[in-house]
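Trainee: I am new to this one. Could you walk me through the terms as we look?

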Amino acid sequence: MTEPTPYPRPAGAAEAAPPSVAPAPAIAATALTKLFPTPGGGTVTAVDSLSFTVARGGVTGLLGGNGAGKTTTISMLLGVLLPTSGRVDILGVDMARHRHAVLPRMNFSSPYVELPHRLTVRENLTVYAHLYGLTCVKKRVQELAEQLDLARFLNRPSGGLSAGQKTRVALAKALLNDPEVLLLDEPTASLDPDTADWIRTYLERYRARTGATILLASHNMLEVERLCDDVLMMRQGRIVDRGAPAALLARYGRTSLEEVFLDIARARTTATGADTKAEADAAE
Ligand SMILES: Nc1ncnc2c1ncn2[C@@H]1O[C@H](COP(=O)(O)OP(=O)(O)OP(=O)(O)O)[C@@H](O)[C@H]1O
């Protein structure tokens with residue numbers, strides 16, 4: 001005699017497939033808002049109730065004109081700037097409550113964040129490697145120095161490097177912990193075309209090798225067309241359109257992302273009164 005199962009299946013019923021649990025998005029922003037006080041006692045809305053998700057493993061571009069809110073958004077995603085309201089989840093972790101659980105799995109680079117000037121490049125990378133809890137620090141620093149062609153600068157104070165050299169060091173810092181989520185604010189700013197191309201190839205290979213998720217803010221439309229499989233278009237703290245580069249070109253009837261960007265940045269008003277093609281489509 002066989003043991004009865006605790007929850008016998010009704011006769012004829014098919015065996016239920018195990019429930020599939022989709023992984024949480026790499027990045028989820030929900031109604032994210034940031035107000036800054038102004039000297040006159042008012043406020044400026046840098047980011048305005050922004051909601052979006054970024055699926056794991058893709059490269060997403062964050063585009064927008066000067067002051068659109070890109071850097072503020074990235075700073076809140078990182079947890080270095082507290083949102084006025086709203087929520088950020090990275091890899092399914094609520095950044096407001098459990099930031100330290102997910103920080104080792106992410107990293108960032110920004111031309112606006114300088115490494116301590118007096119420390120050499122090697123010292124800076126070593127300090128950060130220890131902060132990230134790496135064990136083979138010397139080996140990792142050497143490895144990245146070779147990959148990013150920094151070996152010649154390793155023993156020079158970081159403050160004495162050119163802007164382009166600093167950008168490469170910042171990228172090396174951002175890759176120390178092999179991040180699963182990489183936030184890049186203008187990753188090729190100040191780089192000559194040859195070095196910028198080299199960095200883009202490096203990022204493509206990094207994503208292909210590790211499956212990392214990359215969110216990058218950029219003013220370089222060719223870079224975005226080349227690297228990104230999804231683009232978020234920001235204006236005045238909001239996302240005003242989103243899509244794959246090819247889909248955006250088709251939607252706006254343009255041949256380059258630069259033209260799409262100009263349409264959006266100049267707030268082309270359509271016949272329906274909508275500011276963007278997406279709003280126009282939604283109104284139809
Ligand atoms: N610390 C701050 N105090 C006051 N206002 C700020 C502060 N930081 C940003 N802002 C304002 O918030 C808005 C968004 O700025 P943010 O730097 O996020 O834009 P951005 O899209 O990164 O611009 P850019 O392309 O020029 O770097 C701007 O109006 C800016 O002046």
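Mentor: Start with pairing: two strands pair if DSSP finds at least two bridges between them. Strands (E, at least two residues) and helices (H or I, at least four) are DSSP runs, numbered from the N terminus. This is a predicted model: local features need pLDDT of at least 70, side-chain atom pairs count only at pLDDT 80 or more, and totals for chains, interfaces and linings use all residues. Residues are numbered from 1 along each chain as its sequence is written.

Trainee: What makes β4 and β5 a pair?

Mentor: Two bridges join β4 (residues 85-90) to β5. Pairing asks for at least two. The two strands run antiparallel. As one detail, Asp89 has Asp94 of β5 as its bridge partner.

Trainee: Why are β2 and β5 called edge strands?

Mentor: Look at the order of the open sheet: β2-β1-β4-β5, four strands with antiparallel pairing. β2 and β5 (93-94) each have a single partner strand, so one side of each has no neighbour in the sheet.

Trainee: How many helices and strands does the protein have?

Mentor: Ten helices and ten strands.

Trainee: What makes Ala247 partly exposed?

Mentor: Count other C-beta atoms, placed from the backbone, within 10 Å of its own: 20 or more means buried, 12 or fewer exposed, and anything in between partly exposed. Ala247 has 13, so it is partly exposed. Ala247 sits in helix α8 (residues 245-252). Its C-alpha atom is 9.3 Å from that of Asp230, 17 residues away along the chain.

Trainee: What share of the 284 residues is buried?

Mentor: Buried residues make up 36%.

Trainee: Why is α5 described as largely enclosed?

Mentor: Eleven of its 13 residues are buried, so the rest of the structure largely encloses α5. Among them are Val169, Ala170 and Leu171. The buried residues of α5 pack against β6 (106-109), α3 (121-131), α4 (137-147), β7 and α6 (193-210). Packing rests on contacts (C-beta atoms, placed from the backbone, within 7 Å).

Trainee: What makes the phi of Ser49 worth a look?

Mentor: Most residues other than glycine have a negative phi. Ser49 has a positive one, near 50°. Ser49 lies in strand β2. With 15 C-beta neighbours inside 10 Å, Ser49 counts as partly exposed.

Trainee: Where is Asp178, and what is its phi?

Mentor: Asp178 is in the loop between α5 (163-175) and β7 (181-185). Its phi is positive too, near 45°. Asp178 has 15 C-beta neighbours inside 10 Å, so it counts as partly exposed.

Trainee: Which residues surround the ligand?

Mentor: They include Phe36, Val44, Lys70 and Thr71. β2 (43-54) and α1 (70-78) each supply at least two residues of the shell. The largest share, three residues, comes from α1.

Trainee: Which residues does the "domain: ABC transporter" annotation cover?

Mentor: Residues 27-261, according to an unreviewed UniProt entry. UniProt positions follow the numbering used here, feature names are shortened, and annotations may be inferred rather than shown by experiment. That span is 38% helix and 27% strand, with its end C-alpha atoms 23 Å apart.

Conventions: A residue is near a molecule or strand if its C-beta atom, placed from the backbone, lies within 6 Å of it. Two residues are in contact if their C-beta atoms, placed from the backbone, lie within 7 Å.
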